[in-house]
Protein chains: 2
Amino acid sequence: MTDAPTLPVTQTQVRLIGRPSQGRVTAGLFQVGPGPVEAPGDGQVLIRVLFLSLDPAMRGWIADATNYRTPVPLGAVMTGFTVGRVVVSRHPGYGVGDVVYGSQGWQEWALSDGSDIHHKVDPAWGPPSLALGVLGHTGLTAYLGLLDVGQPRAGETVVVSTAAGAVGSIVGQIARLKGCRTVGIAGSDEKVRQCLEEFGFDAAVNYRAGGDLGAALDAACPRGVDVYFDNVAGPVADAVLERINVGARIVQNGTIALGPGAPPAPRINRTILVKRARLEGFLVLDHFHRFPEALAELSAWVRDGLIRHREDVAEGLAAAPAALVRLLAGENTGKQVVRVAP
Amino acid sequence: MTDAPTLPVTQTQVRLIGRPSQGRVTAGLFQVGPGPVEAPGDGQVLIRVLFLSLDPAMRGWIADATNYRTPVPLGAVMTGFTVGRVVVSRHPGYGVGDVVYGSQGWQEWALSDGSDIHHKVDPAWGPPSLALGVLGHTGLTAYLGLLDVGQPRAGETVVVSTAAGAVGSIVGQIARLKGCRTVGIAGSDEKVRQCLEEFGFDAAVNYRAGGDLGAALDAACPRGVDVYFDNVAGPVADAVLERINVGARIVQNGTIALGPGAPPAPRINRTILVKRARLEGFLVLDHFHRFPEALAELSAWVRDGLIRHREDVAEGLAAAPAALVRLLAGENTGKQVVRVAP
C-alpha cells in the first residue's frame, strides 16, 4: 500500500467559447482558465495529462457543420487526444503509473471511468508523446488508412497529399516499406525537400510552385496512380484523379482544401465509373479492433529506424490555442503536440 | 457424322458510320447493309446470332470520349452482346447446337475463335434471350454490383435509380430477397407503379414529379440510405447522397444523367469522409470469375418465380438502330433485345 499522493486543488483547463466564422479558427475561440481537480469515485481514475495532440480535424470538431460527431459544446473543455499517467486509481483495469492514451481533452488533470481511455501505452515504445504521433492516431491513421483502405500492392504508385505532414510522411514511408513507388504532394519547396531527403519519397511535387501540377504529376507518376491517400480534396485531388489507373483506390482522410463556400467543380462520377475506382472515407476511430496489430508493426518499424518522424512541441497547455491556429495554417513541422506536464 | 448445313453467302450487318454529336445518338449513325458469311477456319466456329442486346452503355462505346475501351471504329460492325447458336464448329470447345453468350455484334452470322464467347448457355435456363437479360450481363450487373460492391445486409435500406429499368428492377428484387428495405427512383408515375406492383419495391419515387425529391426520399427512407445502386449520377444522386448513413456504399454503375457539358456541382468529398462512405465504379466485365456462381443463384430465382423481369423485343437486325435510340430515350419497358434470327 502506497501513500496517497498530494494533489492540487485547481488546474488549468481550456474551454471552447466560440465557433469559427467562415471556417476561420482563431485563438480567441478558446479561453484558458482555472478548473477543479476532483478525487476519483469508485470505478474511476485520476489522470495527469502529459501531452495533448493537436489535429487538423479539430476545425471540424468545433464547427456547427455536419461532422463525425456532435460539435464540442460552447463552454466545455475542448476535446482532444492525450497521453497521461494514472495518478490515483479506483478502477480495476488501471494501476497507478499506467500510461494511457485517451480523449482526456485540453486540461491538466482528468477523471475517467475508462470509457474515454483507448488503450494503455507500452513503455517499451519510447517517450510517451510518441503515443500521440507515430504510435498514436496519427501513425494509426496512416497505417490503417493506407493498408486497410488503400490496399497498395508492391510495384504500385502511391500518391499522398500534405506529404510532409504528420500523417502524410508516415503514409509515404509505409508505402515504401511495402514496395510501392511513393509520390508526395506538398505546399513548399522546403516540404518537398523534406519528403525526398527525410521521408524517402521517390518523387515529390510542390503544388504551389505555380507551374503545371498535372505535368509535374505525369513526370512523377509515369505508370499512373494506383492509390491516392488524400488529405485535402479540391483542385490538387482533381489533378491526381485525372491520372488514376483502372482499379485505383482513393482514401479520403481529410478535406482541408474544402472550406465553407468551396466553389462547385466537375462531377467525378464518370471517372470513378470508367476507372472502376473506389473513393472511401476513412476515420481511424472506426478501426479500434485493428489497433493492437497495427501498433505492434508500427512500433517495430520505429524501433528499427525504418520510419522517421518529427515532433513539433508547444510548451504548456496555455499555448494550445495558438499552436492549433499555427497547425491549421500549415506552419508546424511534424506531429504537433503540447507538453502539458512539465 | 452429319451433313454440312447449307449456309447463305451474304448476311445483314450494321456498321457504325458516325459519332454522336453532343452525346446525341441517332439511327443515322448506323448503316444497315450486306456482308459476307465466311466459312470457319481451323479453331473457329460459325455462329448464327439469335438475339442482340441493346444497352445504355453503347452511348459510350460509340463516342470519342474516354471510356472503358477503345471506341468502336467508324466503318466497323457495331459491338454488342449476343446469344447465338453454333452452326459449324472447327473448335474443340464448342459443338454444333451449343448456344453461346458472347460479343458477336450487330450481325446475323459471326465467326469466332472463342475469344469473344463468354460462356455457354444452359438450355435448362429457358428461352435463349434470357441469357442477354436477367441471366446475362443485365442480371449479372444487378447481382454482382449489388451483392459484391454494395454488400447489403438484411434490414438495411437499398435505393436504386432507373428502378423500373432492366438492371434496376432486378437490383430491387435481389435486395428484397436479401431482406432489405428497397426504394426505387424512376422517371414517371407509370414506372413508379411498375416498381411497386411488378417488382415489389417497398417504396418508389418519381423524380420528375416536380415536387421536393428530398422530402420524398425522406419519406421513403425513414432510416436513411445504406446502399445506393446508382445508374444516373447528377442531381438525383445528390439528393440520395444527402441521406446516406455512416458506412454507406454507393455502386456507380452508370452516369446517364451526365452528358457532355454537365454543369459543375458541389464537391462530394466531405460527405464521403464524414459518412465514411464508399463510392465505387462497377463494370460487370471485370467480374467474369464470379459469373458461374451468380448465374446459378439467379437462374434458380428466375425458375422459382422469385424474380420478375420484362423483355422488350425489336424484330429484325435492321430495327436495332431505332431501338437503341428508343432505349436511350427511356421509352422501352424491360430489357431491350433485338430478335436477329426469325
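Analyst: Two strands count as paired if DSSP finds at least two bridges between them. In this predicted model, S11(B) and strand S12 (residues 244-252) of chain B are joined by 5 bridges and run parallel. One of the bridge partners is B:Ile244 in S12(B), which belongs with B:Val225.

User: What makes S8 (residues 157-161) and S11 (residues 225-230) of chain B a pair?

Analyst: There are 3 bridges between S8(B) and S11(B), and the cut-off is at least two, so the two strands are paired. Their sense is parallel. Within this pair, B:Val159 has B:Tyr228 as its bridge partner, and B:Val160 stands opposite B:Phe229.

User: Why is S11(B) called mostly covered?

Analyst: A residue is buried if 20 or more other C-beta atoms lie within 10 Å of its own. In S11(B), 6 of its 6 residues are buried, and therefore the strand is described as mostly covered.

User: Why does B:Ala233 count as buried?

Analyst: B:Ala233 has 25 C-beta neighbours inside 10 Å. The label requires 20 or more, so B:Ala233 is buried.

User: What makes the edge strands of the sheet edges?

Analyst: The open sheet has 12 strands with mixed pairing, in the order S10(A)-S9(A)-S8(A)-S11(A)-S12(A)-S13(A)-S13(B)-S12(B)-S11(B)-S8(B)-S9(B)-S10(B). Its edges are strand S10 (203-206) of chain A and strand S10 (203-206) of chain B, each of which pairs on one side only. On average, neighbouring strands are turned by 15° against each other, direction ignored.

User: Which helices of chain B pack on the sheet, touching S9 and S10 of chain B?

Analyst: Helix H4 (residues 189-197) of chain B touches strand S9 (181-186) and S10 of chain B, and its direction makes about 170° with that of S10(B). Helix H5 (residues 213-220) of chain B also touches S9 and S10 of chain B, at about 175° to S10(B).

User: What makes S13 (residues 278-281) of chain A and S13(B) a pair?

Analyst: They share 3 bridges, where at least two are needed, so they are paired. The sense is antiparallel. A:Arg278 stands opposite B:Glu280 in S13(B).

User: Why are the two copies related as by a two-fold rotation axis?

Analyst: Chain B is superposed on chain A by a rotation of 180° with 0.0 Å of shift along its axis, at an RMSD of 0.1 Å. The relation is thus that of a two-fold rotation axis.

User: Why does A:Arg276 count as buried?

Analyst: It has 20 C-beta neighbours inside 10 Å. The rule is 20 or more, so A:Arg276 is buried. A:Arg276 is in the loop between helix H7 (269-274) and S13 of chain A. Its phi is near 45°, a positive value in a residue other than glycine.

User: Why does A:Arg176 count as partly exposed?

Analyst: A:Arg176 has 18 C-beta neighbours inside 10 Å. A residue is buried at 20 or more and exposed at 12 or fewer, so A:Arg176 falls in between and is partly exposed. It is found in helix H3 (residues 166-177) of chain A. Leaving out residues up to four places away in sequence, A:Arg176 touches A:Thr182 and A:Gly200.

Key:
Residues numbered from 1 in each chain as written. Chains lettered and ligands numbered in written order. Predicted model: local features only at pLDDT ≥ 70, side-chain atom pairs only at ≥ 80, totals over all residues. Helix = DSSP H or I, 4+ residues; strand = E, 2+ residues; numbered from the N terminus. Axes fitted to C-alpha atoms, helices over the stretch in contact; angles between N-to-C directions. Contact = placed C-beta atoms within 7 Å. Least-squares fit on C-alpha atoms with pLDDT ≥ 70 in both.
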